[in-house]
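Me: I'd like to learn how to read the features of a structure like this one. Could you walk me through it?

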Amino acid sequence: MKLKSNEKMALSYIALNLADYCTTKYLLKHGGQELNPIARFLMKKKRFGLFKFISTAIGSSIMYFEDQPEESSKTIIGIYSAVVLNNFIQILKYKSNKNKT
């Protein structure tokens with residue numbers, strides 16, 4: 001079964017959001033700080049998980065129902081890719097520093 005472009009985009013968006021959520025939670029648990037002011041506010045109000053779930057569902061649905069992936073969808077995928085990559089780099093730095101002590 002071959003996936004269409006819009007299906008790949010929607011699945012990528014879901015996977016990247018899940019990776020962002022998990023890596024962010026890990027970093028925060030180990031002393032990291034959330035730099036996004038909106039996410040930080042929602043975390044303080046204990047609403048971030050719900051917001052992340054709803055925004056991911058809406059975003060992936062929009063991408064799924066596009067006939068052809070829009071430039072804005074491609075840009076969002078690129079941004080989330082950079083965010084997740086940065087989170088993984090921060091985790092590697094944390095683990096490397098932890099092993100040195």
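Reply: Happy to! Let's begin with how residues are classed: Ala, Val, Leu, Ile, Met, Phe, Trp, Tyr, Cys and Pro count as nonpolar, Asp, Glu, Lys and Arg as charged, and the others, Gly among them, as polar. Keep in mind that this is a predicted model.

Me: How do the residues lining the largest pocket divide into these classes?

Reply: The lining has 11 nonpolar, 10 polar and 3 charged residues. As for finding such a space, rolling a probe the size of a water molecule over the atoms shows where empty space is left. Here the largest pocket holds about 610 Å³, and 24 residues line it, with Asp20, Thr24, Glu34, Val83 and Asn87 nearest its centre. Two or more lining residues come from each of H1, helix H2 (37-44), H3 and H4. H4 has the largest share, 7 residues.

Me: And which elements give two or more residues to the lining of the second largest pocket?

Reply: Those are H1 and H3, and H3 gives the most, with 5 residues. This pocket has a volume of about 150 Å³. Its lining includes Tyr21, Lys52 and Phe53, and it divides into 5 nonpolar, 3 polar and 1 charged.

Me: What about Glu71 and Lys74: where do they lie?

Reply: They are both in helix H4 (residues 71-100), 3 residues apart, or about one turn of the helix. Exposed means over 50% relative accessible area. Glu71 is therefore exposed, at 54% relative accessibility, whereas Lys74, at 41%, is partly exposed.

Me: Which residues make the nonpolar surface patch?

Reply: Look for Leu50, Phe53, Ile54, Ile58 and Ile62, which together make a patch of about 530 Å². Ile54, for instance, sits in helix H3. Its relative accessible area is 40%, so Ile54 counts as partly exposed. Phe53 belongs to this patch and also lines the second largest pocket.

Note on methods:
Residues numbered from 1 in each chain as written. Predicted model: local features only at pLDDT ≥ 70, side-chain atom pairs only at ≥ 80, totals over all residues. Heavy atoms only, no water. Helix = DSSP H or I, 4+ residues; strand = E, 2+ residues; numbered from the N terminus. Buried < 20%, exposed > 50% of the residue type's maximum accessible area, 1.4 Å probe, protein only. Patch = residues over 30% accessible without salt bridge, like charges linked within 9 Å, V, L, I, M, F, W, Y side chains within 5 Å. Areas by Shrake-Rupley, 256 points an atom, 1.4 Å probe, with all protein chains shown as cover. Salt bridge = Lys/Arg side-chain N within 4 Å of Asp/Glu carboxyl O. 1 Å grid on protein atoms, 1.4 Å probe; cavity = no way out; pocket = protein on both sides within 12 Å on 5 of 7 lines; lining within 4 Å. Points joined across faces, edges and corners; volume = space filled by probe spheres on them.
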